[in-house]
Amino acid sequence: MTAPDPGTAAENPFPVRAVSIRVQNWIDKLGTVWVEGQLTQINMRPGMRTVFMVLRDPTVDMSLTVTCTPELVTGAPVKLTEGTQVVVRGKPNFYTGRGTFSLRLSEIRTVGIGELLARIERLRKLLDAEGLFDPRLKRPIPFLPGTIGLITGRASAAEHDVMTVAATRWPAVHFAVRNTAVQGPTAVPQIVAALRELDDDPHVEVIVLARGGGSVEDLLPFYDETLCRAISACRTPVVSAIGHEPDNPLCDLVADLRAATPTDAAKRIVPDTAAEQALVDDLRRRGAQALRNWVLREERVLAQLRSRPVLADPLRALTERGEQITRALAAVRRDVTRLIDVQTERVGHLAARLATLGPAATLARGYAVVQTVPAAGPSRVLRSTDDAPAGTRLRIRVSDGAVAATSEGRADGS
């Protein structure tokens, strides 16, 4: 039975040195690489021939140990400090004695301000294209938030300004403060963690991200893509108060409200008690004055209406119409009376003419009407002597009455 290959079975294991040498040989084949990151934990002591540093990726929680000669650090174009953004050239090394991996640097280049601004501009265009700066996504800031989340540096001037100004304007204001690093390689992870913690707190109604002014290098965490996306993902409104008025990091564009300074953030979030009371008093005064003006205006309208003839003397129209009716009635009476008089006079004339032409007048002049009175039937006017033979009963009517007579026949000599 053949023995298993070394390292493939528990019966024939590799010694530690063999594994370390194999890993070293494999890593040595990688050659040199260019890497970009932020320097942290620069360990440079007098007399040491090797400088130990950590090169960190600011967007994620990853880092890499790097080493170099002291001359490489002292001869850098700018002074290397924690948080400096650099591009390094180095060769991966595996130290078999300690079993550690590092990057041995042969060249260090700092990222200039021009390159930083160019990268920031590219990131700005990317986030803008994705809609993170869209004004329609901005959430309104509550008028009087119950609890304000504040992310700032510990014992910083920004924290003092925000809390002092807010308490002066509204003494009952309450803060939930989260102190984090606000520059350097650890700032972004700490700020993002604090954002998530405050966003998950149901009592926090608005979150303020505050920091004092500084150079572009100092404010680099607030240009970070991870922080910008974390602000955009918050359900709670976020106020960015970074630096001074000229400073405009990318988180200002993503936040729901940009404040020029931390003091300005406190003024824009918390209402001023005195100003609000003055506003209420002014509104009450203006409302009362408007009401008085309205009453006076309506009184003038009523006075104008009352001064009109129809309302000043409501019966005047009826009185005028009554007088017209009275005059009309009088005229009608005069006309009727005149008409009656004319007709009465006419009737009188006609009656006189009728009386003159009637039989009564003839009788009054001495004439008489003779009627035969038969035994049966109506009386008839005697028109001929032949109608009254002897013995015929007659009725003779004169002006003052009638007499009865008997005919004796025709008279001689008639």
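Visitor: Why is T236 called buried?

Guide: T236 has 8% relative accessibility. Buried means under 20% relative accessible area, exposed over 50%, and partly exposed in between, with a 1.4 Å probe and protein chains only. So T236 counts as buried. This is a predicted model: local features need pLDDT of at least 70, side-chain atom pairs count only at pLDDT 80 or more, and totals for chains, interfaces and linings use all residues. Residues are numbered from 1 along each chain as its sequence is written, and side-chain values use heavy atoms, with hydrogens and water left out.

Visitor: Where is T236 found, and which residues does T236 touch?

Guide: T236 is in the loop between α6 and β9. Helices (H or I, at least four residues) and strands (E, at least two) are DSSP runs, numbered from the N terminus. Contact means heavy atoms within 4.5 Å. Not counting residues up to four places away in sequence, T236 touches R139, D199, V204, E205, V206, I207 and D256.

Visitor: What makes the T236 and D199 side chains a polar contact?

Guide: Their separation is 2.8 Å. A polar contact is a pair of N or O atoms within 3.5 Å; within protein, one must be able to donate a hydrogen and the other to accept it, and residues adjacent in sequence count only if both atoms are side-chain atoms. The side chains of T236 and D199 make such a contact.

Visitor: What is the largest nonpolar core, and which residues have the most contacts inside it?

Guide: A nonpolar core is a set of buried Ala, Val, Leu, Ile, Met, Phe, Trp, Tyr and Cys residues joined through side-chain atoms within 4.5 Å. The largest one has 34 residues. Those with the most contacts inside it are I151, I191, L195, L209, F222, L227 and I231. The elements giving two or more residues to this core are α3 (113-129), α5 (187-200), β8 (204-211), α6 (225-233), β9 (238-242) and α7 (250-254). Helix α5 supplies the largest share, seven residues.

Visitor: Which residues does L195 touch?

Guide: I151, I207, L227, A230, I231, C234 and V238, leaving out residues up to four places away in sequence.

Visitor: What makes the phi of Q41 and of A155 worth a remark?

Guide: Most residues other than glycine have a negative phi. Phi of Q41 is near 50°, a positive value in a residue other than glycine. Phi of A155 is near 55°, also positive and also in a residue other than glycine. Q41 is found in strand β1 (residues 33-43). A155 lies in the loop between β6 (147-152) and α4 (157-169).

Visitor: Are Q41 and A155 buried or exposed?

Guide: Q41 is at 55% relative accessibility, so Q41 counts as exposed. A155 is at 73%, so A155 counts as exposed too.

Visitor: How do you know that L39 is buried?

Guide: L39 has 1% relative accessibility, so L39 counts as buried. This residue lies in strand β1. Among the contacts of L39 beyond four places in sequence are M53, L55, V86 and P185.

Visitor: Why does S102 count as buried?

Guide: Its relative accessibility is 3%, so S102 falls in the buried class. S102 lies in strand β5 (residues 100-110). Leaving aside neighbours within four places in sequence, S102 is in contact with T65, T67, K91, P92, N93 and Y95.

Visitor: What makes R98 a charge over the ring of Y95?

Guide: R98 lies over the face of Y95, at 5.4 Å from the ring centre. A charge sits over a ring if NZ of Lys or CZ of Arg is within 6 Å of the ring centre and within 35 degrees of the ring normal.

Visitor: Why are β12 and β14 called edge strands?

Guide: Two strands pair if DSSP finds at least two bridges between them. Four strands form an open sheet in the order β12-β11-β13-β14, with antiparallel pairing. β12 and β14 (401-406) each have a single partner strand, so one side of each is left without a neighbour in the sheet. Two bridges join β11 to β12, and six join β13 to β14.
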